[in-house]
Amino acid sequence: MTGRILDPGLWREGQDKIDWAARFMPVTQSLCGQLADSGLLRGTSIALVLVLEPKTANLALELAKAGADVSVMCHASSTRDDTAAALERAGVTVFSRSDATPAMDHAFALELLDQRPDILVDDGSSITRLAHTDRPGVLEQMIGATEETTSGLRPLRVMEAAGALRIPVLAANDALCKTLFDNGYGTGQSTVLTMLDLLGTPLAGRNVVIAGYGYVGRGVAREVAALGGRVTIAEVDPVKALEATFAGFRVDTLARAARSADLLISATGIAHTIDVEHLLALPEGAAVAVSGGVGQEIAIDAVLAAGATRHPAGHLVERFALPNGRSIRILDDGGCINCTAGEGNPIEIMDLSFGVQAGAIEYLLTHGAGLANAVHLLPASVDDRVARAKLAALGARLDVPSAAQQDFLGGWRGTSTAYTAGPAESAENPS
């Protein structure tokens, strides 16, 4: 055993899960197949920093099949050891084990960077940022990186504005075939269902407060409402708040809404979204969780410093005794709950996201040399290819504009708008 994975003997169980997931990932297979046909990946080193589970494993294996030298790293809380064992057996270098300490995770991240990848596929941008601080020499030959999350793009754009970003980064998260489906449907469904599994209670008739009404917040609100919950949205953006009201949801400040919340969910990807004042405002027994997210999105360290104490209350559920005498439940230590306590997003959803990642890798290989050190949007052609591949797998058929429609779309003069009187009107009003 190398020490980079927990137990090589788990490979068969992991391979069975990988094979199952592969049945539902035609988009990833299609776009990686196109990469294989092009030969672009031969001799290319790709590092994946993604949740390590069967869906990610399929992306890694498809990229390796297309000719890339693939390595994978994942933090302990999001690692499936059987998947790691199966990938290692298949020849993919893995730096990931579920029992890793934070120090081990950090060492694994540095080992991954020391492989000197040509392309880094990141989730949360933590390794992209680590390369800039701890392994800047690696950046000199790196073609670029892709970023999977909203919360990961924010610091990268701050780095760009400060002139600190040293490689081009493709915003895979902002591609429509990622954001509309992964953020809008997958994360909403998988996080809400995981929360309910941990709590063991129904949502019908419960007051659920959601902080943030971006794509993830919309998805969470839709799932909660479908399960009978009463939704209140807290937002700082007036347009998003107005959108939430038009969707039929109540809108209020987080501090006020928390007072009657049975379940409080952060969907912002911003630390201290649910702060001490919000936790203290919650009624007795309320539950708190994060949909997606970053460290301290629930201000756990701050509320402990304010006098709260934590006590086990069930599988990945802790009771926090607050200094005001009430107690609340926090799920999964405020972590990215669908990845650390559940099975992640649905396979078909991640198939779209990984199809986008394959398209992003291809774009870096063909255009990376001409890209500035900035965060770049992917061209619409990548979304089109992903969508077409999915529609083909579904057996759906696209319509095609007629010649007359194409002439109309390609012109600007339009048809005459001059008013012409009808026969009856002409007779009644002779000139």
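**Entry 1: loop residues**

Does Arg116 count as buried, partly exposed or exposed, and at what relative accessibility? I am working from a predicted model, and in it Arg116 comes out as partly exposed, because its relative accessibility is 40%. I found Arg116 in the loop between H5 and strand S4 (119–122).

Asp332 is in the loop between strand S14 (327–331) and helix H14 (337–340). I noted Asp332 as buried, since its relative accessible area is 10% and the cut-off for buried is under 20%.

**Entry 2: aromatic rings**

I counted up the aromatic pairs and got 4. I took a look at one of them, Phe95 with Phe108: the ring centres are 6.4 Å apart and the planes make an angle of 50 degrees, so I wrote it down as tilted. Phe95 belongs to strand S3 (residues 93–95) and Phe108 to helix H5 (residues 102–114), so this pair ties together parts that are 13 residues apart in sequence. Phe95 is buried at 2% relative accessible area, and Phe108 is buried too, at 6%.

I then checked for charges over rings. Arg4 lies over the face of Phe95, 5.4 Å from the ring centre. Arg89 has its charged end over the ring of Trp11, at 3.8 Å from the centre.

**Entry 3: second largest pocket**

Which residues are closest to the centre of the second largest pocket? I first noted its volume, about 200 Å³. Of the 13 lining residues, the closest to the centre are Lys17, Glu53, Pro54, Lys55 and Glu343. Helix H1 (11–22), helix H3 (54–65) and helix H4 (81–89) each give two or more residues to the lining, and H1 gives the most, with 3. Sorted by class, I have 6 charged, 5 nonpolar and 2 polar residues in that lining.

**Entry 4: helix H3**

I followed H3 from end to end. It has 12 residues and spans 16 Å from first C-alpha to last, close to the 16 Å expected. H3 is mostly covered, with 9 of its 12 residues buried.

Note on methods
Residues are numbered from 1 along each chain as its sequence is written. This is a predicted model: local features need pLDDT of at least 70, side-chain atom pairs count only at pLDDT 80 or more; totals for chains, interfaces and linings use all residues. Side-chain values use heavy atoms; hydrogens and water are left out. Rings of Phe, Tyr and Trp (its six-membered ring) pair if their centres lie within 6.5 Å; planes under 30 degrees apart count as stacked, over 60 as edge-to-face and the rest as tilted. Helices (H or I, at least four residues) and strands (E, at least two) are DSSP runs, numbered from the N terminus. Buried means under 20% relative accessible area, exposed over 50%, partly exposed in between (1.4 Å probe, protein chains only). A charge sits over a ring if NZ of Lys or CZ of Arg is within 6 Å of the ring centre and within 35 degrees of the ring normal. On a 1 Å grid over the protein atoms alone, a cavity is a set of points where a 1.4 Å probe fits but cannot get out, and a pocket is an open set with protein on both sides within 12 Å along at least five of seven lines; lining residues have an atom within 4 Å of a point. Grid points are joined across faces, edges and corners, and a volume is the space filled by probe spheres set on the points. Ala, Val, Leu, Ile, Met, Phe, Trp, Tyr, Cys and Pro count as nonpolar, Asp, Glu, Lys and Arg as charged, and the others, Gly among them, as polar. The expected span of a helix is 1.5 Å times one less than its number of residues.
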